[in-house]
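Notebook open, viewer loaded. I want to look up a few contacts and helix details here.

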Amino acid sequence: MAIKYSLARVWVALLAAGVASTSFAAPAAPPSQPAASPASGYNQPPKDILDVMRAPSPPVPVVSPTREKMLLVSWQDYPSISRVATPFLRLAGVRVEPRNHSKHDTPGGYGITPCATSFELVRIADGARTSIALPADACPNRPLWSADGKRFAFENTTADSVDLWIGDAATGAVHRVPGVHLNPMLGDELQWMSDQKTLLVKLVPQRMGPPPAESSIPAGPSIQESDGGKGQSSTYENRDTLNNKHDEDLFDYYAAAQLALVDASSMAVTPIGASARYESLATAPDGRHLLVTSIRKPYSYVTTADRFPQEVEVWDLATRKNIVVHHIASLPLADRVPIGGVELGPRDFSWRATEPATLIWAEALDGGDWKTKVPARDKLMLLKAPFNTAPQEITRTEQRYAGLSWSEQASLALLTEYDRNRHWRRSFLINVDDPQPQPRLLWDLSTDEKYANPGVPVKRQLPNGFWVLRQDGDAIFLSGAGASPAGDRPFLDRLDLKTLKSERLFRSDKTSYEQFVGFTGSDSRAFLTWRQSANDPPNAFIRTLGAPVEAAAGEAIFASSSSAVTHIADPTPVVREIKKRLVKYKREDGLDLSFTLYTPPGYKEGTRVPTILYAYPLDYADASKAGQTTGSQETFTRLRQYRLLLLAGYAIIDNAAFPIVGDPKKAYDTYMEQLVADAKAAVDEAVRLGVADPERIGVTGHSHGALMTANLLAHSDLFRAGVATSGSYNKTLTPFGFQNEQRSVWEAQDVYLKVSPFFYADKMKTPILIVHGADDANPGTTPLQASKLYEAIRGNGGTTRLVMLPHEPHWYAAMESNEQLVYEMLRWFDRYVKDAPPRTQASTSTSTSETLPH
């Protein structure tokens, strides 16, 4: 139950590709003829691709904390453009739909929250299923289980409000709570109280009146001023920050929330406190105390709301009519946080899981700056109810505090710290009540380490809703991805905290990808898994450990058996004709690399086909970690975006390793050289395998991968064409750092210029399709980045096309937009890759000013 003080970043996209080749023997797919354009004016790819795009995705499990039941939730993959185009306001980093107060976009501009299309209740013991009746026009989000597994709650977004619904786990019946309109603008709008019978919610206040009207006459100029101190928060600029007094008034109006308690049985609603701009909320284990963080003025036109001034208080709800308030901290505007640093003062608040009401937080000792050399970066503080004494310092961390996980033993916790400068983390076992003994080092390894990654501790939820490390005597359990040179094989380990030795209880076999989900009861010999393979959709299984066996290093030391709980069918059987394999190779300097090679339906070994490379460069401090293999060839193959081109006959070099290795403080000094070396190694290997035609290879990437794409076209001749989506092409527009570059443009001007393809537009003669969301809120990839690169290439005589997708953020949400994207990629690669003449002819037969017709 950690308190949020920064907007979460989300998720990375699934992308996809394919085209029929003249040398392709017996193609399984029909020729690539675009389907008729829809009346809306959007274009569509061929029908065989559309059928796969529009097929439902397999549901995902949301398992109750007791592991007795689960909800299988089916999600809408692509909402309509009419939903994506719903008007919204841009208020200090939050996009709000004024009609219903809902969030229009996830933090960072990654797309609107999808609707669930169905819930199905499954009893884990025997797989019995109960369909849940949702309204025909429902748009529910992820359900939230109570700790006792008796109920689940969820938000349902309608045209006029965000409603609260509660479900009964015994019957599957769901009911809307009358009169409850949630306000999700700043998050934490819905959570279970410690009694698991009551919900704490943020409501849209009643009798608000109309929103503030904007005067046609300005109230005065918009003024900003700096007093000479350094302020490096300009990476937030253009990310929906406030711009004037009217924006401030709108922020006040839509951020205002009324806190209330909702009885899950009677549906009674009890308001608590006054309406205010509440950011984060967290109830204490005792159910009596509530940590409340609220936003206050003055606001900033440079930063987003999570760095506005804040008041941190603890409310005592013993007498709800007369709430006692304990002041914890007044946090000032944090508009001068160093690049990659943290704000000054108390931060990262959380409740101690094993005591009624004990508050924990961290404070920086280095000014919040990674560049400062100090003996300790953070100190950890503790304050107990009734919060009327000075806080107690528990310990100090040599590097940045990264979290505290409580064990079932009252005083034992797992403390983690992170060294950004080294890409390193350490975890310690600490006695919080007696910090005199030196904390015991448990793990000390690179954050880039995959093969030796111990996994994450398995937790269980206490009756009060708090999560603790699950223990079996003096042992805890660890679950991890199980990366290996042959690919990921998830595992479950038992770690003895006295000896620090572990034993492997379970490891996914080599023909599937099976992940530990949770123990099904108090017995640690039975647990739930989620298993899939390249040909089998994900399904839930109960796995039971048997007798000990002799096992090779890294393998399970117990035999085990499994039985299926769910039987989810394959929604797209045609995709099973696609084959994939892990390919390992070396970079010119000897660095180990890998990619997944997909071949199209009907592919015959030895046939060279047009090929698309997709990658996303990652930064590494240690070369030995950069070459470690990740991912699995045994995951259920699904096609999204560029991977859909497989159905048109292309091979895909997917998720090619593109490491940028070096000192994290200056790794981008050799970015370009490493980028080209990564690409050359991947292309050479795909050609050596006899799959890729060296005359017909394209490249694509999204976001940081789009920057890669443009740079490879500018600085190499490996590719015939490229597609760059939602990229950032002029790094001087983000002068206070980009990706993991910690220096400003004034400290590393040459680096900023060298990595920016905008400054090499005169050399970009290889055709490039540029696609961007017109409403991209990501601070580094504003739509201006795309339009300016297009203008630069066009002005210098290059071959380019710019597609701005209306209403789309950083990742594209609408069905129409995604269909247009695949249509554009297919046409572009067909023309400039599949049908490209040999390079000796290309220079004379293709005009550099030629573009596709609209």
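**Val52 and its neighbours**

I started with Val52, which touches Thr572, Val574, Val575, Leu639, Leu644 and Leu647, leaving aside residues up to four places away in sequence; contact means heavy atoms within 4.5 Å. Before going on, I note that this is a predicted model, where local features need pLDDT of at least 70, side-chain atom pairs count only at pLDDT 80 or more, and totals for chains, interfaces and linings use all residues. Numbering runs from 1 along each chain as its sequence is written, and side-chain values use heavy atoms, without hydrogens and water.

Val52 sits in helix α1 (residues 47-54); helices are DSSP runs of H or I with at least four residues, numbered from the N terminus. Is Val52 buried or exposed? I get a relative accessible area of 6%, so Val52 is buried (under 20% relative accessible area, 1.4 Å probe, protein chains only).

**Helix α5 and its partner**

Next I looked at α5 (residues 671-688), which has 18 residues and reaches 26 Å from first C-alpha to last, close to the expected 26 Å (1.5 Å times one less than the number of residues). Buried residues in α5 include Tyr671, Met672, Leu675 and Ala679. Just after α5, I found Gly690 with a positive phi of about 85 degrees.

How do α5 and α6 (residues 704-715) cross? Their axes, lines fitted to C-alpha atoms over the stretch in contact, come within 10 Å and cross at roughly 85 degrees. I therefore logged α5 and α6 as roughly perpendicular (65 to 115 degrees).

Key. Helix = DSSP H or I, 4+ residues; strand = E, 2+ residues; numbered from the N terminus. Buried < 20%, exposed > 50% of the residue type's maximum accessible area, 1.4 Å probe, protein only. Axes fitted to C-alpha atoms, helices over the stretch in contact; angles between N-to-C directions. Parallel < 35°, antiparallel > 145°, perpendicular 65-115°, else oblique.
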